[in-house]
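Let's take a walk through a protein fold together. Have a look at the picture before reading on.

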Amino acid sequence: MTPAVPPGDHGALMDSVYRGQRHIYDATRKFFLFGRDRLIAQLDCREGMSVLELGCGTGRNLAQIGRNWPGTRLYGLDISGEMLKSASARLGQCAALARGDAARFNSLELFERTHFDRVVLSFALSMIPQWRQVIAQALDVLAPGGSLHIVDFSDSKGLPMPLRKALLAWLDHFHVTPRLELGVEARGQAVRRGWHCQTNNGPACYYRLVKVTQPTQALPQR
């Protein structure tokens with residue numbers, strides 16, 4: 001694993017949240033982190049492609065990506081050293097992992113490369129205060145022709161109000177804030193770069209999928 005990058009206060013908060021939770025994270029989150037496997041199935045990777053997950057957590061998604069898309073080169077970044085313990089145990093030498101802030105990181109220093117064919121954000125933006133900057137950072141490290149894939153909570157407007165309120169209270173307990181402007185923000189950043197953005201809601205608007213694609217020949221930023 002790459003040497004630790006000082007994570008700051010948010011990293012300390014995430015460590016406090018996941019120090020115990022990481023042991024049961026995957027067993028419990030499968031009941032409400034929907035849309036992850038749908039995102040992975042849409043990555044359309046080929047052998048030799050590089051995939052970076054920002055906020056990789058326990059490594060669950062990277063492991064699944066490796067199974068779904070054999071021959072991909074896997075990279076994971078997380079601000080929580082506690083979560084990276086689980087990811088390292090799960091992935092071993094199958095992925096390069098590093099500790100750092102997804103809103104400001106140097107991929108050359110951490111992973112010895114500057115660009116990736118796919119970048120993934122799975123239910124991470126709703127836990128990161130500087131989430132808009134994370135999207136910008138993710139787009140900055142996309143290789144020509146590459147794509148950013150995001151899945152995160154939407155407004156859940158299709159759920160009955162009591163269930164919706166209970167969900168929001170539960171999420172707040174774990175410092176999770178649905179980014180209701182996610183689609184608008186991603187599209188705005190894509191348009192400024194001359195790139196394509198596609199958004200789709202999951203059932204009951206529980207989650208939102210966002211895909212930003214860079215042309216093979218990137219256009220100048222506006």
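**Starting from one leucine**

Let's begin in the strands: the bridge partner of Leu74 in strand 3 (residues 95-99) is Ala95. To get there from strand 2, the chain crosses through helix 5 (residues 81-91), and this β-α-β crossover is right-handed. Right-handed here means that, with the strands pointing away from you, the path from the first strand over the helix to the second runs clockwise. Helices (H or I, at least four residues) and strands (E, at least two) are DSSP runs, numbered from the N terminus.

Before we go on, this is a predicted model, in which local features need pLDDT of at least 70 and side-chain atom pairs count only at pLDDT 80 or more, while totals for chains, interfaces and linings use all residues. Residues are numbered from 1 along each chain as its sequence is written, and side-chain values use heavy atoms, leaving out hydrogens and water.

Back to strand 2: 5 bridges join it to strand 3, and the two run parallel. Strands count as paired if DSSP finds at least two bridges between them. Strand 1 (residues 50-54) also runs parallel to strand 2, again with 5 bridges, and there Val51 stands opposite Leu74. Strand 1, helix 4 (residues 60-68) and strand 2 form another right-handed β-α-β unit.

Why is strand 2 (residues 73-78) largely enclosed by the rest of the structure? Because 5 of its 6 residues are buried, meaning under 20% relative accessible area with a 1.4 Å probe, counting protein chains only.

Zooming out, the protein chain has 9 helices and 7 strands, and buried residues make up 55% of its 222 residues.

Definitions and conventions. Buried < 20%, exposed > 50% of the residue type's maximum accessible area, 1.4 Å probe, protein only.
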